[in-house]
Amino acid sequence: MPDPEENDMLDRWRGQLNEPQQRRLRVTCRYIDDLLSEIEHALHSSASTSPFPRYVVDVTPPQAQEIEDRIGRLRDELLRVLAWQHLSPERPDIPVTRSILTDLSYIDNALEKLKPRYLRGCGPVPLDAIDDLNASIHGLQAIVHEMTQYVRLQASETSQ
């Protein structure tokens, strides 16, 4: 009886990985690229206007440039590895507006959980803090809702 693996070997070109192996290769390359994007984000975090910075940028601009150059080389090599298997990166398929709307929904949910009825789980909320807390949350949620409406409007205009 013929070995099914031998038949599979006849239908492939020299050095070709099987489909699950190729999928794993593509997914891993994308994962590596995502990590490289995180490195780039960290390198440029000092330019952010965030009041909650995560990183202390402890590299000089020339060092950052050298790291970015190496990131470029690594990305070129990732593409070469994919090309070796006659693969290419998958095309993007998530509209940025969908990503923004999802994040805004998470932000709105997080703000909702700051309301006094939820904070009671952390202990009694002082009566003299309730009005200011609710007003602060309402103000933040109003901005989130405005952003949501704006993004939805832009997305609908773009899709027409």
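Trainee: In this predicted model, how many charged residues are in the lining of the largest pocket?

Mentor: By class, the lining of the largest pocket has no polar residues. Seven of its residues are nonpolar. The number of charged residues in that lining is seven.

Trainee: Which element gives the most to the lining of the largest pocket?

Mentor: The largest pocket has a volume of about 300 Å³. Among the 14 residues that line this pocket, Cys-29, Arg-30, Asp-33, Pro-89 and Glu-90 are the closest to its centre. Two elements, α2 (19–43) and α3 (61–84), each give two or more residues to the lining. With six residues, the element that gives the most is α2.

Trainee: Is Leu-35 buried, partly exposed or exposed?

Mentor: Leu-35 is found in helix α2. Its relative accessible area is 40%. Buried means under 20% and exposed means over 50%, so Leu-35, at 40%, is partly exposed.

Trainee: Against which element do the buried residues of α3 pack?

Mentor: The 24 residues of α3 should span 34 Å at 1.5 Å a residue, and the 35 Å between its end C-alpha atoms agrees with this. The buried residues of α3 are Ala-64, Ile-71, Arg-75, Leu-78 and Leu-82. These buried residues pack against α2.

Trainee: Which residue follows α3, and what is its phi?

Mentor: The residue that follows α3 is His-86. The phi of His-86 is positive, near 60°.

Trainee: What covers the buried residues of α6?

Mentor: Helix α6 (residues 127–159) has 33 residues, which at 1.5 Å a residue should span 48 Å; its end C-alpha atoms are 48 Å apart, so the two values agree. The buried residues of α6 are Ile-130, Ile-137, Gln-141, Val-144, Thr-148 and Val-151. What covers them includes α4 (96–112) and α5 (116–119).

Definitions and conventions. Residues numbered from 1 in each chain as written. Predicted model: local features only at pLDDT ≥ 70, side-chain atom pairs only at ≥ 80, totals over all residues. Heavy atoms only, no water. 1 Å grid on protein atoms, 1.4 Å probe; cavity = no way out; pocket = protein on both sides within 12 Å on 5 of 7 lines; lining within 4 Å. Points joined across faces, edges and corners; volume = space filled by probe spheres on them. Helix = DSSP H or I, 4+ residues; strand = E, 2+ residues; numbered from the N terminus. Nonpolar A, V, L, I, M, F, W, Y, C, P; charged D, E, K, R; others polar. Buried < 20%, exposed > 50% of the residue type's maximum accessible area, 1.4 Å probe, protein only. Expected span 1.5 Å × (residues − 1). Contact = heavy atoms within 4.5 Å.
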